[in-house]
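The sequence and structure come first, and the notes follow by topic.

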Amino acid sequence: MTKKITIAIDGHSSCGKSTMAKQLARQLGYIYVDTGAMYRCVTLYALRHNMFTPEGINEEALRNDMGNIHITFSINPETHQPDSYLNGELVEREIRSMEVSNHVSPIATLPFVREAMVAQQQQMGSEGGIVMDGRDIGTVVFPHAELKIFVTATAKVRAMRRYEELRQKGMEADYDAILRNVEERDYIDSHREVSPLRQADDAILLDNSNLTIDEQQQWLMEQYERTIKSL
């Protein structure tokens with residue numbers, strides 16, 4: 001019987017990490033966890049509870065409420081993709097809005113938020129057979145993952161992908177605003193004090209700027225098979 005491993009996929013925003021992780025998990029029969037969606041759920045909670053003020057985030061209120069924020073995933077029977085639930089409510093569409101996108105990075109920099117999310121993520125992936133994507137999976141959440149991938153693409157390519165994704169969902173989209181958001185998130189993610197975005201020393205770099213989804217998935221399967229053979 002083939003050993004079930006932990007696969008950590010990190011990288012910049014809007015570079016297709018979630019898409020590739022979901023497909024890989026489905027191919028392998030693994031569990032997929034969208035860590036970015038988890039931070040988006042916390043951001044949505046904070047927005048709904050008026051925790052963003054002109055002075056910044058009301059950190060005390062959010063810290064006190066972290067025990068009341070429960071995030072789960074359930075496979076959508078129509079799309080066969082995992083949907084995000086915040087305290088039992090389906091919020092997949094809400095967390096993909098530009099309002100959440102524009103507020104998620106400062107939430108994700110808060111140490112107590114990251115601590116709570118990492119604990120939930122480690123619980124989900126404690127027995128292997130999991131594909132998880134995010135910003136710090138290979139460096140913080142699962143530093144001993146058997147396979148680590150770090151994904152990147154140019155900011156313009158990533159902004160266009162995000163623009164097209166929103167348009168396909170029937171949501172309003174402004175390419176220039178999305179590009180600014182992508183560049184701002186890159187800076188914040190790379191410069192935050194807690195768990196900054198960086199490539200783990202033993203991660204394999206994938207620049208998918210010019211790859212089709214099929215080419216990308218073939219490459220991922222090759223890395224998986226190579227890892228399994230080396231165990």
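At roughly what angle do the axes of helix H4 and helix H8 cross? The axes of H4 (residues 98-108) and H8 (residues 175-191) cross at roughly 20 degrees and come within 9 Å. The model is predicted, with local features needing pLDDT of at least 70 and side-chain atom pairs pLDDT 80 or more, while totals for chains, interfaces and linings use all residues. Residues are numbered from 1 along each chain as its sequence is written, and side-chain values use heavy atoms, with hydrogens and water left out.

**H4 and H8**
- With angles under 35 degrees counted as roughly parallel, over 145 as roughly antiparallel, 65 to 115 as roughly perpendicular and the rest as oblique, H4 is roughly parallel to H8.
- H4 passes H8 in a left-handed crossing (the near helix is turned anticlockwise from the far one by less than a right angle; clockwise is right-handed).
- Met98, Ser101, Asn102, Val104 and Ser105 of H4 are in contact with Ile178, Asn181, Arg185, Ile188 and Asp189 of H8 (contact means heavy atoms within 4.5 Å).
- This contact of H4 with H8 has four nonpolar, four polar and two charged residues (Ala, Val, Leu, Ile, Met, Phe, Trp, Tyr, Cys and Pro count as nonpolar, Asp, Glu, Lys and Arg as charged, and the others, Gly among them, as polar).

**H2 and H5**
- Helix H2 (residues 35-48) packs on helix H5 (residues 111-124) at about 140 degrees, the axes being 11 Å apart.
- H2 is therefore oblique to H5, and passes H5 in a right-handed crossing.
- H2 contributes Thr35, Met38, Tyr39 and Val42 to the contact, and H5 contributes Val113, Arg114, Met117, Val118, Gln120, Gln121 and Met124.
- By class, seven residues of the contact of H2 with H5 are nonpolar, three polar and one charged.

**H1 and H9**
- The axes of helix H1 (residues 17-28) and helix H9 (residues 213-230) cross at roughly 55 degrees and come within 10 Å.
- That angle makes H1 oblique to H9, and the crossing is right-handed.
- From H1, Met20, Gln23, Leu24, Gln27 and Leu28 meet Ile213, Gln216, Gln217, Leu220, Met221 and Tyr224 of H9.
- The contact of H1 with H9 divides into seven nonpolar, four polar and no charged residues.

**Largest pocket**
- The largest pocket holds about 1200 Å³ of space (on a 1 Å grid, an open set of points where a 1.4 Å probe fits, with protein on both sides within 12 Å along at least five of seven lines; lining residues have an atom within 4 Å of a point).
- Its lining has 47 residues, with Ser14, Gly16, Ser18, Thr19 and Glu165 nearest the centre.
- Helix H7 (residues 155-168) gives the most to this lining, six residues.
- The lining comprises nine nonpolar, 18 polar and 20 charged residues.

Note on methods:
Axes are lines fitted to C-alpha atoms, for helices over the stretch in contact, and angles run from 0 to 180 degrees between N-to-C directions. Helices (H or I, at least four residues) and strands (E, at least two) are DSSP runs, numbered from the N terminus. Grid points are joined across faces, edges and corners, and a volume is the space filled by probe spheres set on the points.
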